[in-house]
Amino acid sequence: MSTEVTYTVSIPESKLDILRQKLALVEFPDELENSQWNYGVPLADIKRLVARWKDGYDWRAEESKLNKDLPQFTRDIDVDGFETLNIHYVHQKSPVTNAIPLLFVHGWPGNFIEVRKILPLLLQSSPQFPSFHVVAIGLPGYGFSEGSHKTGFAAEQYAEVAHKLMLLLGYNEYVTQGGDWGFLITRTIAQKYGGKHSKAWHTNFPASTPLQFSSNPILYLQHLVTPYTEAEKAGIERSKWFAREGRGYFEEQATKPQTLGYSLADSPVGLLAWIYEKLVNWTDSYPWTDDEVLTWISIFYFSRAGPAASIRIYYEVMHSKGFLQSSSPKPTIPLGVSQFPNELRITPRKFHHNLGKLVFQAEHSSGGHFAAYERPEELVGDLRKMFGKRGPAFGVVPGKNGYEDRVNANL
Amino acid sequence: MSSFKIAISSAALSALKNRLESTRFPDELDDSGWEYGVPLADIKRLVARWRDGFDWRQEEQKLNDELPQYTREIEVDGFGVLDVHYVHKKSESGQGIPLLFSHGWPGSFLESRKIIPLLTKGSGGDPVFDVVALSLPGFGFSEGPKKKGFSVPQYAEVAHKLMLALGYTEYVTQGGDVGSRITAEMALHYGGEHSKAWHTNVIYSPPPENDDLSSYTAFEKEGLARGEEFQRSGSGYLAQQSTKPQTLGYSLADSPVGLLAWIYEKLVAWSDNYPWTDDEVLTWVSIYWFSRAGPAASIRFYYEFAHSGQGFGTRSSQAVPTIPMGCSLFPKELVRIPKSWYPSVGNVVFEAEHDSGGHFAAHEEPELLVGDLRKMFGKGGPAFGVVPGRSGYI
């Protein structure tokens, strides 16, 4: 029987001491002249962040804010063929009784903190737009969720955990939002639990593949004859950059995560650089404050399963038997896509139709990979349009259209 | 030029011990073996030994006793002066064939340790060599470059100028891993006049234009498949080091266990069941930890190679070195190319195939490797007498 336990982030003082000791002993490499960001994170950035982390950065204050802003819980979830895992999540109900239950799934190097800015917006009640009950799961192996100790914990398992969480919270029918690994996980949810449970899915990381004449003949031909927009051209360049310069982490994490894990577990500066590089390269000039970065990294450093656990998903997914066929069967539930220009893989817009039943598409002129964190208003705006009264996915969850009853009565 | 003795300060030794004592280990998946990377038990055991028991001073002493070391300033066009560390051991006669030995990554000058006694002393019919084993800039006790763009031509320039500075205007070379790429460049750029012949244990080229899969033997196809497997599951380090070496460098510089795992994984994966002792591994990794330029410097050349169009899959020009080339093929090398590709690499006059040995040939199979060099350069061999006046015989 799975009981919900209220969770308060409370890192023991002994762990803070160990971190401080390690930071006091940090040994820095040198750097090539004028290398800037080309070879990786610049030394000056790292030195500044480490100095702050050591002196001045107040984890206790950040911890307190996290606990204040995000109502957190844990509960045990059985995973078929694996262990029972204690899962950490954020859960807040909207004041609107019939708000739409929404599952938010982060990726790597993200965690539950990514829900922080969209949460208050999603909960807002208004006759103008729908409201949501929000569940932000901490994926197994991330943040304060346990990780599995067995090999083979891949997309299906992450999907199973998230789906079971929604059921245990009483949300038999729900919608999902996900980026990065959240895309793959919510797609798996849509494939396995779509229709009956998952009613619609929205993503900001559409990993679309080229159209096939056999499956989408009209779109295929249209794609052939329509010139790319400026945004699409820029997106293709960005994708090329990412494929050429930005995938080292992926290759290592997908093949030898344990080897890399020793560094990430042992060295706070190593972990900082590894993640901070992505926080900067993957966002659209997001003005990270040092403390914002350090809170994000500290969650990895203090994570329950340790930083080495979070990267195993790359290995597992890339080695899972179903991976090559994972895009089929195509989910049949409505799909919404939000396109942000600094996303890592940007495909021509028509390709999104290959992902499933595309009913909503939005294009933005700024923002990157961490959309919920960089552009919360825009992302929530898209969800409101997609699920709102005149939206293509209005009322997908029976009895929970996101509006107050008096509005329902007027329809 | 100065003679050099490795003398790591006690401050550095106790700093290392401190860090080892505060190592924070990750967990590990059940029954994951070597699939996900180095097993936790191996790493814990090695860290415990490194912390207590491993005697760096003793290893240091042995190295200083076995290998006569020096440093010398070498001017590199566009990069200023670099202080280069090297081993220089002459044959007993002092008239051996001058041989430049170049290590690669994650190797070091240490890889010359076992072959030097064999190369400098022969028995009867063997030619002898005067050996120069340099620490590539950024490795071991050589300074690293401070500017961007230090790539294949620069490494070749350093090695060549070192040989000239030692009075060896004509010489031969032996190299594996990136040492193979560097000595190939030397063969091309300085070949004929200075480099007279080159030997490698990694013969590699990208596929020729008219690559015809059906023309290869089963053995050759298997070799290509090994290369593909390496690409698929063993080249994560290459992708990272070729794109974001600085980011990785923070870990390697700050975490002895991180550095240990990163290198040890290759020592095991790339060798042919070589029975590494813990102290052997720790000596190898300690050279990286205590290196003059720091561990982060050694991986930058991957970035430089990849971004200068001079990487492992390319040549700096279409030209092929014409000087005699020898290659020794060891079964656990990372990739093997079909023989039909050899003409695009060099003028192969000597080839030997072995049943055992891997990527670190000089360390794993010193007798086999030296045996090949003796055959190639000895009386009756295809490269006998390439260095005028230095046949290797008195």
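Q: UniProt positions are in the numbering used here, feature names are shortened, and annotations may be inferred rather than shown by experiment. With that settled, which residues of chain B does the "domain: Epoxide hydrolase N-terminal" annotation cover?
A: According to UniProt, in an unreviewed entry, the annotation covers residues 2-111 of chain B. The model itself is predicted.

Q: How far apart are the end C-alpha atoms of that span, and what is the helix and strand content?
A: The end C-alpha atoms of residues 2-111 of chain B are 22 Å apart.

Q: What does Asn64(B) touch?
A: Leaving out residues up to four places away in sequence, Asn64(B) touches Lys5(B), Ile6(B) and Gln69(B).

Q: Now the core. Which residues touch the most other members of the largest nonpolar core?
A: That core has 220 residues, and those with the most contacts to other members are Trp108(A), Leu272(A), Phe387(A), Leu260(B) and Phe377(B).

Q: Take Phe377(B). What is Phe377(B) in contact with, beyond its neighbours within four places in sequence?
A: Among its contacts are Ile97(B), Pro127(B), Phe129(B), Val172(B) and Ala197(B). Phe384(B), Val386(B) and Ser391(B) are also on the list.

Q: Where is Phe213(A), and is it buried or partly exposed?
A: Phe213(A) is in the chain A loop between β7 (198-203) and α7 (217-225). Phe213(A) counts as partly exposed because its relative accessible area is 46%.

Q: Switching to charges. How many salt bridges are there over all chains?
A: The whole structure has 46.

Q: What pairs with Glu363(A), and at what distance?
A: Glu363(A) forms a salt bridge with Arg349(A), and the closest N and O atoms are 2.5 Å apart. The pair links distant parts of the chain, 14 residues apart: Glu363(A) is in strand β9 (residues 357-363), and Arg349(A) is in the loop between β8 (334-339) and β9.

Q: Which of those two is buried and which partly exposed?
A: Glu363(A) is partly exposed, at 42% relative accessibility. Arg349(A) is buried, at 11%.

Q: What about Glu277(A): which residue does it bridge to?
A: Lys278(A), with the closest N and O atoms 2.6 Å apart. Both Glu277(A) and Lys278(A) are buried.

Q: And Lys146(B), what is its partner?
A: Glu143(B), with the closest N and O atoms 3.8 Å apart. Lys146(B) is partly exposed, at 39% relative accessible area, and Glu143(B) is partly exposed too, at 22%. Elsewhere, bridges with shared partners join Glu13(A), Asp17(A), Arg20(A), Arg60(A) and Glu63(A) into one network.

Q: Last one, Gly261(A). Where is it, and what does it touch?
A: Gly261(A) is in helix α10 of chain A, residues 257-266. Gly261(A) is buried, at 0% relative accessibility. Not counting residues up to four places away in sequence, Gly261(A) touches Ala308(A), Ile311(A) and Pro26(B).

Conventions
Residues numbered from 1 in each chain as written. Chains lettered and ligands numbered in written order. Predicted model: local features only at pLDDT ≥ 70, side-chain atom pairs only at ≥ 80, totals over all residues. Heavy atoms only, no water. Helix = DSSP H or I, 4+ residues; strand = E, 2+ residues; numbered from the N terminus. Buried < 20%, exposed > 50% of the residue type's maximum accessible area, 1.4 Å probe, protein only. Core = buried A, V, L, I, M, F, W, Y, C linked by side-chain atoms within 4.5 Å. Contact = heavy atoms within 4.5 Å. Salt bridge = Lys/Arg side-chain N within 4 Å of Asp/Glu carboxyl O.
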